[in-house]
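Here is a friendly walk through one protein model. Have the sequence and the 3D view open as you read.

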Amino acid sequence: ESRLEEARELYQDAFRQGLEPYRRHFEAGLHSLMDEKRDDAAESLAEAERIFPRFADVHNYRGVALAEGGNHGEAAAEFQRPVRPH
């Protein structure tokens, strides 16, 4: 029941704010990650995370960028964020 309410809030936030700014940062982060520009990827994905902090994909890809850049501690924390209770 509480998970349903959390999902409802997530979607309401998305529609209220609009997805375009999030999508722009998220896609820039993915392109940077594919181009092996890990610092740029982590920065763009952090911007996307600030807009929609509960979207798991952004945490996972940011974790990949951080891990590939050698920042394993911060990467581990990023991977764990979406599964922590709010």
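## About the model

This is a predicted model, in which local features need pLDDT of at least 70 and side-chain atom pairs count only at pLDDT 80 or more, while totals for chains, interfaces and linings use all residues. Residues are numbered from 1 along each chain as its sequence is written, and side-chain values use heavy atoms, with hydrogens and water left out.

## Salt bridges within helices

A salt bridge here is a side-chain nitrogen of Lys or Arg within 4 Å of a carboxyl oxygen of Asp or Glu. By this rule there are 7 salt bridges. Helices are DSSP runs of H or I with at least four residues, numbered from the N terminus.

One of the salt bridges joins Glu20 to Arg23, with 3.7 Å from N to O. Both sit in helix α2 (residues 20-34), and because they are 3 residues apart, about one helical turn separates them. For accessibility, buried means under 20% relative accessible area, exposed over 50%, and partly exposed in between (1.4 Å probe, protein chains only). Glu20 is partly exposed at 45%, and Arg23 is partly exposed at 37%.

Helix α3 (residues 38-51) holds Glu47 and Arg50, again 3 residues apart and about one helical turn from each other. Their salt bridge has its closest N and O atoms 2.6 Å apart. Glu47 is partly exposed, at 30%, whereas Arg50 is exposed, at 57%.

## A salt-bridge network

Which residues are linked in a network of salt bridges? They are Glu49, Arg62, Glu74, Glu78 and Arg81. Look at the salt bridge between Arg81 and Glu78, where N and O are 2.4 Å apart. Glu78 is buried, with 0% relative accessibility, while Arg81 is partly exposed, at 33%.

## Two helices side by side

Now find helix α4 (residues 56-68) and helix α5 (residues 72-80), whose axes come within 8 Å and cross at roughly 170 degrees. This makes α4 roughly antiparallel to α5, a label for angles over 145 degrees. The axes are lines fitted to C-alpha atoms, for helices over the stretch in contact, with angles from 0 to 180 degrees between N-to-C directions.

Contact means heavy atoms within 4.5 Å. On the α4 side, the contact includes His59, Arg62 and Leu66, and on the α5 side it includes His72, Glu74 and Phe79. The residues of this contact divide into 5 nonpolar, 4 polar and 3 charged. In this sorting, Ala, Val, Leu, Ile, Met, Phe, Trp, Tyr, Cys and Pro are nonpolar, Asp, Glu, Lys and Arg are charged, and the others, Gly among them, are polar.

## The nonpolar cores

A nonpolar core is a set of buried Ala, Val, Leu, Ile, Met, Phe, Trp, Tyr and Cys residues joined through side-chain atoms within 4.5 Å. The largest has 8 residues: Leu10, Tyr22, Phe26, Leu45, Ala48, Phe52, Phe55 and Val58. Helices α2 and α3 each supply at least two residues of this core. Another core lies apart from it and has 6 residues, among them Leu33, Ala41, Leu66 and Ala75.

Leaving aside neighbours within four places in sequence, Leu10 is in contact with Arg54 and Phe55.

## A buried serine

Is Ser44 buried or exposed? Ser44 is buried, with a relative accessible area of 17%, and its place is in helix α3. Leaving aside neighbours within four places in sequence, Ser44 is in contact with His25, Ala28 and Gly29.

Conventions:
Angles under 35 degrees count as roughly parallel, over 145 as roughly antiparallel, 65 to 115 as roughly perpendicular and the rest as oblique.
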